[in-house]
Amino acid sequence: MNEDEIADKVYEERERIVDLYRNGPGDGTIIDPVDDPTINDYIKLDRFGFIVGDESKFKKEDPQEIKIEVNREQKWLKMISNWDSLSRDKLKRRIYKGIPNSLRGKVWAKLLGVDQLTDDQKNKYKHMCELAWEHSPDVRQIDLDVNRTYREHINFRKRYNFKQQELFNILSAYSIYNLDIGYTQGMSQIAALLLMYLSEDEAFWALSTLISDSKYYMHGFFIPGFPKLIRFQDHHDKIMNKLLPKLKKHLDKNGVETGLYTLKWFFQCFLDRIPFKLTLRVWDTFLLEGDKILSAMAYCLLKLHRHQLYALGMDDILNFLQVKLEQNYMHTADYTIEKLQECLVELKKNKLDNAGQPSPNERLKRELGIFNPDDIPVRKPQINGVGKIRKPINADQIHSSPEQDSQRQGSIITNDKNSLDDVSSIVGDSSRRSLLDTSVTSAATTTVSPQSIQNDDAGSDVTCVSPQPDVLRIYVPYDTPTKKSPTSVSNKITTIQVMDEIATPTVDTDGMFKAVSTLN
C-alpha cells in the first residue's frame, strides 16, 4: 500500500466516523453489542447521574448536607444575579463551603468567562466543527475515546446519543481550533465533565479557557513531551521532600515514583482518582484559584492518608492511590476541602504554593482558531485522477433531532485491514502522540504496548504502527454480549430510581440526565 492509498484510507475512515455521529448507523451496519451496554429495565442513579452498579456499596447522601445545600441555593441565586459587583472574598468563602449542584453549571460558566466568549466568538464553534469534519486527523482516536468516556453516566451510556455527539463535536472542533495540541487522550473526560453542567457551545469555550488561559494553562499538559506535567511533578517532589520527608522516603524505598500516581491528579485534576462528589468540590476550587490547587490537593491527599501508606508496599500503594481512594474514601468532602485550605496556607508559608513560571515550550505557538488546510498533511483522495467530492456540510446538523438520537445505539465493526490507527505514523504532526505512548502508568489504570509492523505491500517502504491495546478499569458491569443488535436504550428504561430522597434530578425520555434545582 503506497502513501496515496493510505491517504485515501484516512479520508474515507474520517468520513465514515463523522457520518455515524451525524446520522447514526445505517440499516446494514453490523453493531457490536459490547460497545453499547444494555441498561436493565430497573436501574438506579446517584444524584450526579451515575448508574449504581452495586447497591450494597452505595453511600446515601446525608440528608442534613442536602438541606444545607438547598438553603444555600437562594444565596447563590442572588450572587449570580449580582456577579459583577461580588467581592472576591465573599465568592471565595462561598465556593469553599460548596456550590449547590443545581447551580454549578451557572457558576462554572461565570468563573470561566464563558458568556463573554460565546458573545465575542459567535458561530466560531460551528465553523470549527465543519472544518474538523472535513480535515481533522484525530477523528479516529476521538471516536475511540468517546466510546469509553464516562459510559457509567446515564448521559453517555447510549452509543451515538446526543451527549456523545456533543462530546465528539467538541473534541473534533478543538483539534482544529488549537493545532499545537490537536487532540490528546485525556481531554475527553474533561470535556465530558464540562458537558454534564454546560451546553455544547459553553463546554467548548470552557475547555478552551482551561487550556489556554494563564490561570489554568493546561496547554502544557497536552502538548508533546507534557512539559507542565513534568514541572508539576518536580514541584511535587520538592513539597514532599520538605513537608512529608518520611512518606517520601517510604515511597522511594518501594519504588513508587511521583509519575506513577500523579498522572491523572495533575493531567485531569483528579478525575477518577477520588469520589466524584469530592472531585466536583476540587474542580470548584480549581476554577476559582487556578492550577495551584493541583499541587495543594496532591499534598493534601498524601498528608491525610500518610499513616495508611506507611503500612503498604509498592503494589498496594499504587492500588490505594489509583483505586481505593476513589472507591473507599474515608473522609467527608467538607473535611477534605477544609484541609485543602489549610494546605494552601502551609504551602504559601513555605513558599511552595507555586510551581514556577511556565517554560517557553509550554506556551502557545500558533494563534487559536486560525486554520489552513495545508497545515494538515493528509490529502483528499483521488479516484481515477479526479478529486473525490464530498457532500456539503450543513451547520444546522451539528445538533441532531430526537428521532436521530433514538436510533444511535452501537459501534461499527470494520473488517478493513488498515485503519487510521495503522497509518498514524506517516501523517506527520497531524497525528498527535498520545499520553499513553509517553507515560509510565500502573496496570491499574492503563497498559499500552505499541508494536511496529511492516506494511504488507512488498513495494512499500512505509512502516505502520499496529493498534495499541488498552487495558482500562471497568466501572459498570454489563450483560454478556449477544450476537443480536441491542434494542434502543430509551425503550429499555422503564423505571429509574434516583438514590437521593431529597434532591431529585430528572431524566428525560431520551435518557439525558439533568441536575435540577431543589427549590420549589
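A: Helices (H or I, at least four residues) and strands (E, at least two) are DSSP runs, numbered from the N terminus. With that settled, tyrosine 160 is the place to start: it lies in the loop between α7 and α8. The model is predicted, so local features need pLDDT of at least 70 and side-chain atom pairs pLDDT 80 or more, while totals for chains, interfaces and linings use all residues. Numbering runs from 1 along each chain as its sequence is written, and side-chain values use heavy atoms, without hydrogens or water.

Tyrosine 160 has a positive phi of about 65°, although it is not a glycine. Most residues other than glycine have a negative phi. Its relative accessibility is 0%, so tyrosine 160 counts as buried (buried is under 20% relative accessible area, exposed over 50%, partly exposed in between, with a 1.4 Å probe and protein chains only). The charged end of arginine 159 sits over the ring of tyrosine 160, 4.2 Å from the ring centre (NZ of Lys or CZ of Arg must be within 6 Å of the ring centre and within 35 degrees of the ring normal).

Aspartate 143 lies in helix α7 (residues 139-146). With 5% relative accessibility, aspartate 143 is buried. Leaving aside neighbours within four places in sequence, aspartate 143 is in contact with Ile17, Tyr21, Arg159 and Tyr160 (contact means heavy atoms within 4.5 Å). The side chain of aspartate 143 makes two polar contacts of interest. One joins it to the side chain of arginine 159, at 2.8 Å. Another joins it to the side chain of tyrosine 21, at 2.7 Å. A polar contact is a pair of N or O atoms within 3.5 Å; within protein, one must be able to donate a hydrogen and the other to accept it, and residues adjacent in sequence count only if both atoms are side-chain atoms.

The structure holds 21 aromatic pairs (ring centres of Phe, Tyr and the six-membered ring of Trp within 6.5 Å; planes under 30 degrees apart are stacked, over 60 edge-to-face, the rest tilted). One of these pairs is formed by tyrosine 21 and phenylalanine 168, stacked at 3.9 Å centre to centre with 5° between the planes. The pair links distant parts of the chain: tyrosine 21 is in helix α1 (residues 3-23), phenylalanine 168 in helix α8 (residues 162-177), and 147 residues separate them. Phenylalanine 168 is also buried, at 0% relative accessibility.

Cysteine 129 sits in helix α6 (residues 124-135). It is buried, at 1% relative accessible area.

Both α6 and α8 are among the elements that cover the buried residues of α10, along with α5 (114-120), α9 (187-195), α11 (219-222) and α16 (276-289). Helix α10 (residues 200-212) has 13 residues and spans 18 Å from first C-alpha to last, close to the 18 Å expected at 1.5 Å a residue (1.5 Å times one less than the number of residues). Of those 13 residues, 10 are buried. Among them are Phe204, Trp205 and Leu210. Beyond the helix, tyrosine 217 lies in the loop between α10 and α11. Its phi is near 40°, a positive value in a residue other than glycine. Tyrosine 217 is buried, at 9% relative accessibility.

The largest nonpolar core has 121 residues, and Leu210, Trp265, Phe270, Trp283 and Phe286 touch the most other members (buried Ala, Val, Leu, Ile, Met, Phe, Trp, Tyr and Cys, joined through side-chain atoms within 4.5 Å). Helix α17 (residues 292-304) gives this core its largest share, 10 residues. Tryptophan 283 touches Leu210, as well as Trp108, Ile190, Leu193, Gln268, Cys269 and Leu271, not counting residues up to four places away in sequence. Ring pairs also tie Trp283 into a cluster with Trp108, Tyr197, Tyr216 and Phe286.

Last, the wider chain. There are 23 helices and 8 strands. Of the 520 residues, 53% count as buried. Among contacts between residues at least 6 apart in sequence, 80% join residues at least 24 apart.
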